[in-house]
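Okay, thanks for coming, everyone. I've got one chain to show you today, so let me put it up on the screen.

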Amino acid sequence: MRESGAIDTIVQDIIASLKDLPGALLPILHGIQDKLGYIPAETVPAIAKALNLSRAEVHGVISFYHYFRETPPGKTTVHLCRAESCQAKGAKALEAHVKNKLGIDYHETTADGAFSLEPVYCLGLCSVSPSMQIGEELYGHSSAELFDSIINAEEASA
């Protein structure tokens, strides 16, 4: 876990490097999330001040885009595709299994901080639907059995 002083330095560096871009808010939010894994609430006033926006405007953008997280992610993030191709090939059943196995819903993290679950609306694997991403790895022809085998291996290696 990072200390708030370290977070402030990281955020100020990102703001300083991107604030003069046209439409700087999204690049700044992406920069912060890429570096910290989420956008801490305490960074919103600094972002708003640098861009001459209200805190509500910054928070509105963060909460509008499902990509942005307001809480730290788990060690591994599981993305389940919810696009039409995946829905047609059994994504709903996979989604129910994953939620039950992890004991969390979308946008939540397991109590031990090991896994976060996020929806995604296309992973570009429509020809091998349903698809999922666990950490950095993409999987097509996904099933409950495939998910279990990957998660069990991750848990065993932790």
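Predicted model: local features only at pLDDT ≥ 70, side-chain atom pairs only at ≥ 80, totals over all residues.

Residues are numbered from 1 along each chain as its sequence is written, and side-chain values use heavy atoms, with hydrogens and water left out.

So, the layout. We have seven helices and five strands; those are DSSP runs, helices being H or I with at least four residues and strands being E with at least two, numbered from the N terminus. Along the sequence the pattern reads α-α-α-α-β-α-α-β-β-β-β-α. The C-alpha atoms fill a box of roughly 50 × 35 × 20 Å along the principal axes. Of the 158 residues, 38% are buried, where buried is under 20% relative accessible area, exposed is over 50%, and partly exposed is in between, with a 1.4 Å probe and protein chains only.

Now the sheet. The five strands form an open sheet in the order β2-β3-β1-β4-β5, with mixed pairing; two strands pair if DSSP finds at least two bridges between them. β2 (108–109) and β5 (137–139) are the edge strands, each with a single partner, so one side of each has no neighbour in the sheet. Strand β4 (residues 132–134) runs antiparallel to β5, joined by three bridges, and Ile 134 sits opposite Glu 137 in β5.

What packs on the sheet? Helix α6 does, touching β1, β3 and β4, and its direction makes about 155 degrees with that of β1. Contact here means heavy atoms within 4.5 Å, and the axes are lines fitted to C-alpha atoms, for helices over the stretch in contact, with angles from 0 to 180 degrees between N-to-C directions. Then helix α7 (residues 144–157) lies across β1, β3, β4 and β5, at about 5 degrees to β4.

Next, the helix pair. Helix α2 (residues 25–36) packs with α4 at about 65 degrees, the axes being 11 Å apart. On the α2 side we have Leu 25, Leu 26 and Leu 29, meeting Val 58, Val 61 and Ile 62 in α4. That contact divides into six nonpolar residues, no polar and no charged; Ala, Val, Leu, Ile, Met, Phe, Trp, Tyr, Cys and Pro count as nonpolar, Asp, Glu, Lys and Arg as charged, and the others, Gly among them, as polar.

Last stop, the charges. How many salt bridges does a search of the whole structure find? Four, counting a side-chain nitrogen of Lys or Arg within 4 Å of a carboxyl oxygen of Asp or Glu.

One of them joins Arg 69 and Glu 118, at 2.4 Å from N to O. That pair is 49 residues apart, with Arg 69 in the loop between α4 (55–64) and β1 (76–81) and Glu 118 in strand β3 (residues 115–120). Are these two buried or exposed? Arg 69 is buried at 9%, and Glu 118 is buried at 6%.

Then there's Arg 82 with Glu 95, closest N and O atoms 3.5 Å apart. Arg 82 is in the loop between β1 and α5 (84–88) and Glu 95 is in helix α6 (residues 91–102), so the pair ties together parts 13 residues apart in sequence. Arg 82 is partly exposed at 26%, whereas Glu 95 is buried at 9%.

Glu 95 also bridges to Lys 99, at 3.0 Å from N to O; the two are four residues apart in α6, about one helical turn. Through shared partners, Arg 82, Glu 95, Lys 99 and Asp 105 end up in one network.
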